[in-house]
Each structure stands twice: as structure tokens, then as C-alpha cells.
Amino acid sequence: MPMWNCDFDNCQKPAVRTYGECTLCDRHLCTQHLQAEFHKCPAWEDAESYDPAAGEAERRELTQLLSKINTPALASRASHLRNGIPCSIPPLVYDRAIRSSVMGGMNYHVEIRFEDGVSWLARIRRSNATSPPPDLRDHIIRSEVATLQFLEKTGVPAPRVFDFDFERKENPVGVGYILMEKMPGKSLRWSLLSADQRKKVMSQLADIYITLHSFPFQSAGSFDQPGTSHIGSFARESLTDYHPSGEMRPLGPYSSHEQYLIATLRLTLSLIVRQECYTPRAVDAYLIHRYLLDCIPAILSQHTHDDGYFYLKHADEKGDHILIDSSLNITSIIDWEWAHTAPKSSAFKSPIVLLSVSDFYAGINTLGDDEAIFAQLLEEKGNPELAEIVKRGRILHRFEFCAGYDLADWDGFLGLFQGLRNALDSDAHLDWEGWREMAIRRYAHEEELRLLLEEDRGRG
Ligand SMILES: [Zn+2]
Ligand SMILES: [Zn+2]
């Protein structure tokens, strides 16, 4: 059993991850049934047809989700947890106009208002074709809860968790949820800040890095047991395989960065060969990930700071995970889904919000202004080692972006990949076409590549 089987009539083939997850018709499709002959939904590039269809699909999905939520049961649970203080939940109606205030990634947030002025959020997973299967969904929820519980002990500003449950028969609320503190503040919008304002935020981010640096772990993985600081397997779709029996097989935990990198790339290569990801660019994706596997020794040789320990890392540091008040004080770091531990070199390179996006995608490898200031702040706060990691983080940024990158953004990928080869001084003189030809020759002896090339030719 793959993660999903194809939903097309009687087709038992594995569905393609990501590219084969269509939210418009809410189906998982295999390589064959993704073709236009069978799958008629508009592609996202065709905005005129796609956007209204996507809007309608979202309305359908969320209307159904909201109808499943038993609000009296949720209010009763929340009130019980606060020794009977009454609370209320505004009527739940899907309204596109307020979507950004009630949705965060793949979550819908229901506000619970207590009579004494306290507010909580019920964080509820959305459910569409891009959602993980239930066993994996619950593993990820469990991990997010355990991560937030850990953060409460560290002093890193993050919402406190009060309760959680999964979607199951015995749960009267009707859907899985995490009950958490509603944090004040607004999502950070980095591009709107002046240099001084940025510096103020970065100084606080540096303090958070320094705090997390004081909590080393023995292995790379994710928190997996609420109430403990146990690090178990990773809790993320892209790091999860499924056994033929249908059993979920999340990767990890690992005791070295090398093991982690090898395992994640091997999983991707295996999924490509099994037609579970990266169709229709299977050959390109294979060559890229096969090459990344060969780059691991060069990547690891850069990381002289790694000490065998692992540190907590937020998985999506684009900036909107940081809430700030009107004086630019960080009130909370939110959205800890997929968080995991990583070696120093990975955990403490600069958060991607500080990267110059245009330089990064243009393949330029010099340190950006914000990163330089961030490194300086860490240095001034007495952490030259973390400063050095920030200054030398570019290669790993590129490597981590290239692994698992969505190749639908092909132009973006080409810049990233050229930048990686430049930074490693490896195959750097070749353009994509030249590199591809060379890579096909380099890996020609591998049976998996031969099969993929045959299939590619078969499709013409
Ligand atoms: Zn579709
Ligand atoms: Zn199919």
C-alpha cells in the first residue's frame, strides 16, 4: 500500500504525492490518470478557470468541516478545563472574507471566549486531498502538542496547550483539535519593516536561538509523546513511507545527520521509482536527488560545529510564524507542526525569512544584509559559534531546498540548483541541459534510472 491509492474507477495503482493530490475534485490520482485524457480539472497555471474552482472547492471543504464541529461539546470541554468558567463560540460559518484570520496553513482556528476575558483557540486540521492519512495526521498532531509542551518549559514564547483529541468515535467534538492559548499580536511582515525595526526583531530571534541551543537532544526526529520530551520518528508527510501492509513508516529517529540525510534522499528516490512522487518529471527528479546523495560528504565536511547533539527547529520559518505587537515585541512563535530536532548547523542557520529571496533564487551565495546583522547580534550576545553557523549556512539552505523541491516551479529550481553546485564547486560549469546529459551518463549503470528512462521514452 502506498500512502494513497488512485481514486480513479477501479485503479489500484499508487497515487502520486503532491502533484496527484487534486483539491478541486478531491481525489488522489496515479501517473496515468493525472493525464488530461482522464483528469479534467483546470491546472493552477490557468488562473481564470482554476481560481473560481479552487474557491468553490475550499467553500465545500470548510462548510463540511465546520458542520462536523459540535460547538456545544467543544465549549463544554473548554469550560470544564477552566473549572466551569462559561465560554462561548461564535457561530461557525465559512466566510471567504475572513479566511486569513481563521486559517493557518492546513488548520482552521475556532476562537473560544471565556466570560473572564480569556481567549483560547481550537486548532482544527483541514481535510482535503492534500491532507495526510488519519494515522499520520494524528502522529503529526501528537508531535505538535508535545513540541508546544516542551516549549513551555524553555521560555520561548509559544501558545500553551490545554487539551487535544483526535477525530474518533469517542470524541464528542466530532473533529480532532488542539486547544491552545490565543496569542496576542499580528503575523510579522518582514518586507514592511525598516532596518532598525528588523534589528529589533532579529535581536529577539537571536535570544530564542540561544535559548534553544541550551536544550540539546540525543537524536534527530520529532517529539512524539505528549507529556514527555521523547524524540521519536519525524512527523511529516514527506518523511513518511507506507509499508505494503498499509502500515505507516515514518523515518527516524537518527543518531547522526548523515543517517538522516541518506534516509530522506533514499526515501525520495524510492518513491520516484515507485511512481509515488515527481511524475511527470521522474527522470529529472531522480538525477537531482541521486546527485544530492553524492553531495552528502561535501555537505557534512562544512559542518565543523556539529557536536553530535540535536536542537529543536521550526519547520516553516517564512516569517508569518512570528507574532509581534505594535512595539515589535515578539509575542509568540506559532505553527509548530512538523517541528523536529536537527544538528546545530541546520537548526541555527538563519531562518529563511532573513534570506534575500531574489539572490537566493538567482544562485547568489553571498551573505545577505539581514543575515550579516543577525550573525553580528549572536556574536554580541556572546555566541560566536552560532554566529559562525549563520554565516556559513548558505550551502545547507540550498541543499535542504533542493531536496524535495516542488519542481512545478522549474525556473526557481534551476537557480537554486545552480547555486548549490556553485557553492560546492561541483559540476558548477554546466547549465541544466549539460548537467542532465552528464548525470545520465554518470548514473547510467543504475537499474532504477534505466527503468525510468524507458518509461519516459515509452510516454514519448
Ligand atoms: Zn481534479
Ligand atoms: Zn489511476
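Student: So donors are N, O and S atoms within 2.8 Å of the metal (3.2 Å for Na, K and Ca), and sites may look incomplete as water is not among the atoms. How are the donor residues of the zinc ion (ligand 1) spaced in sequence?

Tutor: The spacing is C-x2-C-x13-H-x1-C. This is a predicted model, where local features need pLDDT of at least 70, side-chain atom pairs count only at pLDDT 80 or more, and totals for chains, interfaces and linings use all residues. Residues are numbered from 1 along each chain as its sequence is written, chains are lettered from A and ligands numbered from 1 in the order written, and side-chain values use heavy atoms, without hydrogens and water.

Student: Which atoms coordinate the zinc ion?

Tutor: Cys22 (SG), Cys25 (SG), His39 (NE2) and Cys41 (SG) do, at 2.0 to 2.3 Å.

Student: Is His39 buried or exposed?

Tutor: His39 counts as buried because its relative accessibility is 12%. Cys25, at 25%, counts as partly exposed. Buried means under 20% relative accessible area, exposed over 50%, and partly exposed in between (1.4 Å probe, protein chains only).

Student: New topic! How many aromatic pairs does the structure hold?

Tutor: There are 25. Rings of Phe, Tyr and Trp (its six-membered ring) pair if their centres lie within 6.5 Å; planes under 30 degrees apart are stacked, over 60 edge-to-face, and the rest tilted. One of the pairs is Phe150 with Phe215, edge-to-face at 5.4 Å centre to centre and 85° between the planes.

Student: And which residues do ring pairs link into a cluster?

Tutor: Tyr291, Tyr405, Trp410, Phe413, Phe417, Trp432 and Trp435.
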